[in-house]
Amino acid sequence: MSTLDMSVTPLREVNVTLQEAAKSQSNNAYEITNPRGSHAVAVGLDGPLSVTVKGSTGYYCAGMNKLATIRVEGSTGPGVAENMMSGEVVIEGDASQYAGATGRGGLLNIKGNASSRCGISMKGIDIVVHGNIGHMSAFMAQKGNLVVLGDAGDALGDSLYEARLFVRGTVKSLGADCIEKEMRPEHIEILQELLARAGADAKPEEFKRYGSARRLYNFNIDHADEY
Amino acid sequence: MCGIVGLFLKQDALRPKLGDMLTDMLITMTDRGPDSAGIAIYGEEAEGSVKITIQSDTPDADFDGLEAALGAAIGGGVTVKPVNTHAVLVLPVEKETDAIAFLESKGLRIMGVGTSMEIYKEVGLPKDVAARFGLREMGGSHGIGHTRMATESAVTTMGAHPFSTADDQCLVHNGSLSNHNQMRRKLAKKGIFTKSENDTEVGAAYISSRIADGATLGEALEGTISDLDGFFTFVTGTKNGFGVVRDPIACKPAVMAETDDYVAFASEYRAFADLPGIEAARVWEPEPATVYFWER
């Protein structure tokens with residue numbers, strides 16, 4: 001285990017060290033101390049590496065992650081794990097707005113709450129939130145799974161494509177073209193596996209599934225007057 | 001983009017450290033707003049007196065002899081404490097209107113008026129603004145601060161936050177209002193005039209006008225959600241405390257922290273990093289379109 005202390009090591013040096021370690025395929029473990037809400041901590045890692053951040057971070061932590069496992073022992077600012085490709089990002093606390101935005105793969109595991117726009121435009125990432133999520137979550141989400149053990153805010157899944165949304169608690173309101181869908185055995189299976197991977201204490205049967213009604217996919221001539 | 005900070009103390013023991021704590025928070029927010037910085041601090045009240053914070057670009061000339069001249073004009077009882085480009089005037093509360101008329105006739109800018117509030121704001125980096133006013137040495141019960149990245153009006157002293165539009169009330173804002181001209185005209189019809197072209201000053205004047213009409217701070221803040229259009233995270237200071245509200249879209253960041261000793265607000269968590277006991281604090285993001293306030 002190597003330690004990088006951000007009270008003495010500049011952010012750029014921390015990120016270069018982690019990026020080179022990831023590239024070397026070493027699969028080493030790193031600990032980041034004193035992040036003090038810094039922006040862009042542990043970004044652009046491209047290879048197997050285990051990183052533990054001991055404290056809270058600011059904007060864009062763990063962005064563009066590929067293969068690495070990043071654990072934040074605190075809360076994260078806006079845009080955590082943005083555009084993640086693969087690997088795993090675990091947040092022990094809360095995540096601010098647009099967590100996991102545009103993510104293409106991997107698992108984002110948020111133990112606390114996520115605020116607005118969680119999973120906006122997600123493209124294949126799996127996101128598990130153990131608490132609640134804010135408004136406009138999964139806006140224009142295209143692919144992947146968003147699992148919420150708590151409640152969802154307003155306009156969930158607005159203008160949704162083919163991402164699957166599973167919510168255990170209440171949904172304040174559904175966005176345009178997002179509807180509740182039946183839970184089939186294959187969905188129970190997907191959810192079971194995701195809950196197990198995220199260490200979540202919940203049963204798949206307790207969740208409801210939401211998805212796209214697919215009414216916005218094509219222009220409907222009968223709606224021409226509405227434009 | 002702008003940076004906002006606020007600190008409300010629950011324990012009197014921390015009062016002498018308020019300026020020091022707020023200054024660290026303000027400087028941490030420099031890269032969110034390097035154009036100008038300002039702070040409103042609620043300190044000691046003097047019985048039967050009111051404090052007027054004024055500003056001048058030529059303080060040496062303007063503040064020299066001001067105590068005697070103002071005293072003669074309003075009938076005595078004035079003290080003037082110059083602090084760099086600002087001065088805090090203490091005078092009997094019944095002389096407030098006369099004093100303001102005199103000061104404005106001399107071309108002095110009124111930053112704020114109140115029994116406990118003082119406002120210091122200038123163009124420049126937060127660390128330089130803090131140093132020229134000695135913000136670190138100031139004590140008080142609560143205070144709010146702002147680092148500005150200008151969008152809606154020029155980078156000037158009068159365009160810097162906080163904006164005060166009524167005694168002991170002030171507002172800092174991250175965002176931009178889109179109906180401020182319309183609201184400015186509406187307020188003018190009620191006889192409420194703003195001093196700058198700035199959108200935030202209109203927000204402050206709106207809140208002050210609602211409170212003047214009998215609304216509580218909570219009701220006035222609630223009103224911003226329906227009556228003001230645009231993006232905002234507002235922190236408003238009053239004599240007894242501070243309030244927070246975000247617009248329903250809530251794209252302007254906000255984070256809060258609470259311990260047994262204080263309630264803190266900031267645009268970003270890193271402004272909290274030096275606060276005592278922050279590791280054990282309850283830290284959360286204020287909900288959109290939800291009013292929060294703390295009063296003593």
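## The second largest pocket

In this predicted model, the second largest pocket holds about 440 Å³ of space. It is lined by 25 residues, and those closest to its centre are Ser164(B), Thr165(B), Ala166(B), Phe193(B) and Lys195(B).

## The largest pocket

Next comes the largest pocket, with about 750 Å³ of space. Of the 41 residues lining it, Ala114(A), Ser115(A), Glu285(B), Pro286(B) and Glu287(B) are the closest to its centre.

## Two domains in chain B

Now let's turn to how chain B is divided. Domain 1 covers 3-42 + 141-295, and domain 2 covers 45-115. Taken over C-alpha atoms, the centres of these two domains of chain B are 25 Å apart. Their contact involves eight residues from domain 1 of chain B and eleven residues from domain 2 of chain B.

## Where the domains meet

Between domain 1 and domain 2 of chain B, about 720 Å² of area is buried, and carbon and sulfur atoms give 42% of it. Which residues of domain 1 of chain B lose the most area to domain 2? They are Thr157(B), Met158(B) and Asp167(B), which together account for 50% of what that side buries.

There is one salt bridge between the two domains of chain B. The side chains of Lys239(B) and Glu45(B) meet in a salt bridge, at 3.4 Å from N to O. Five residue pairs are in polar contact between the domains of chain B. On the domain 1 side of chain B, the residues touching domain 2 are two nonpolar, two polar and four charged.

Note on methods:
Residues numbered from 1 in each chain as written. Chains lettered and ligands numbered in written order. Predicted model: local features only at pLDDT ≥ 70, side-chain atom pairs only at ≥ 80, totals over all residues. Heavy atoms only, no water. Domains from an automatic or database assignment. Contact = heavy atoms within 4.5 Å. Buried area = accessible area lost by both parts, 1.4 Å probe. Salt bridge = Lys/Arg side-chain N within 4 Å of Asp/Glu carboxyl O. Polar contact = N/O pair within 3.5 Å; in protein donor to acceptor, adjacent residues only side chain to side chain. Nonpolar A, V, L, I, M, F, W, Y, C, P; charged D, E, K, R; others polar. 1 Å grid on protein atoms, 1.4 Å probe; cavity = no way out; pocket = protein on both sides within 12 Å on 5 of 7 lines; lining within 4 Å. Points joined across faces, edges and corners; volume = space filled by probe spheres on them.
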